[in-house]
Amino acid sequence: MKKIALWLSAVLLVSACKSNTNDGAEKAEGQSDSTAVEASAESLENHYFGDTINEDEVVEISNLLALMEGKDSVKVKLSGVVNSSCQKKGCWMKMDMGNGEEMRVSFRDYGFFVPTNLGGESAIVEGIAYVDTLDVQFLKHLAEDAGKSQEEIDAITEPEVSVNFTADGVIIKS
Amino acid sequence: MSCQQNSEVMAEEAKAQTELKEEPKEEKTLKMKEASELALLMRSMYEENLEIRKGIMEGEIPKSFPEDFVKIHSAQSNENLNETFYALAEQYTANLEAITAAKTKEEGIKAYNGMVNTCASCHTIYCQGPLPKIKKMRIPAPGES
């Protein structure tokens, strides 16, 4: 395998030196690269849940709080990493906001669910972000769904004000 | 930097790239949870109840309700159900019977909304996820939005 790697390196070197003086060679090299990208995209497909959304105009989730400044809610498309999802049904997931906090994502009208093993996956969600107060009973229910121990569930005694998100569509990135 | 030096750097980069390509990202198999018998029944009841709602709003009181609805007392669930659930399930079937016993559209609306309230009460305890959807099932009173 290493011999092949070295041979490929040599071919690339020749192309690189030639491309300094040969526009045609540069074009050929570019075509070759795009084919590789296409092949890669074909082998790793995204997973779509709910409405089939696209990746245009995505905002990094760490910018959400700045976007929500002075607003109760905001319609937005966010990208970020999923920390966990509901273990019972996949009816919610939690995304890392990049500041030590998590954003709970639920799905419009309970209309679709997501996989239960999403921890560490990159995701894009489109919908409405809003600040909400989650009561103790609901927080205990979420903890139970997440597979937390009875001790951890019993430790929940205070309501929580947090950023929540109702998604119309979700992409789990490959 | 000469072309040869440049070439050496590029050779190292190409080698590194090739080695990276030799270890492609292993795609994780995403696991979807299969819906429980109770979850499937609830989805079916939701659709059927929307039909009942439509009928009542047009002044048509149903003479009966689908037999499958009584499976609520026995369907397998992912939730830890207790006697409170079964008491609310009894209340739910009583609500359905009240709908079929209604003599007027107004009585039908009252009985139907009573059923929706029972659904909401149960979901407040066991699974709050569908609550916004359930609340939309209510038939608004005249002047109510």
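Residues are termed buried below a cut-off of under 20% relative accessible area, exposed at over 50% and partly exposed in between (1.4 Å probe, protein chains only). The model is predicted, so that local features need pLDDT of at least 70 and side-chain atom pairs count only at pLDDT 80 or more, whereas totals for chains, interfaces and linings use all residues. Residues are numbered from 1 along each chain as its sequence is written, chains are lettered from A and ligands numbered from 1 in the order in which they are written, and side-chain values use heavy atoms, with hydrogens and water left out.

In helix α4 of chain A (residues 136–145), helices being DSSP runs of H or I with at least four residues and strands runs of E with at least two, numbered from the N terminus, the buried residues are A:Phe138, A:Leu139, A:His141, A:Leu142, A:Ala143 and A:Asp145. These pack against β4, β5, β6, α5 and β7 of chain A, together with α4 of chain B. At the start of α4(A), a side-chain oxygen of A:Asp135 comes to within 3.2 Å of the backbone nitrogen of A:Gln137. Just after α4(A), A:Gly147 adopts a positive phi of about 80°.

A:Ser85 belongs to strand β3 of chain A (residues 73–85) and is buried, with a relative accessible area of 2%. A polar atom of the A:Ser85 side chain lies 3.2 Å from the backbone oxygen of A:Thr116. Beyond four places in sequence, contacts (heavy atoms within 4.5 Å) of A:Ser85 include A:Trp92, A:Met93 and A:Val114.

Methods
A polar contact is a pair of N or O atoms within 3.5 Å; within protein, one must be able to donate a hydrogen and the other to accept it, and residues adjacent in sequence count only if both atoms are side-chain atoms.
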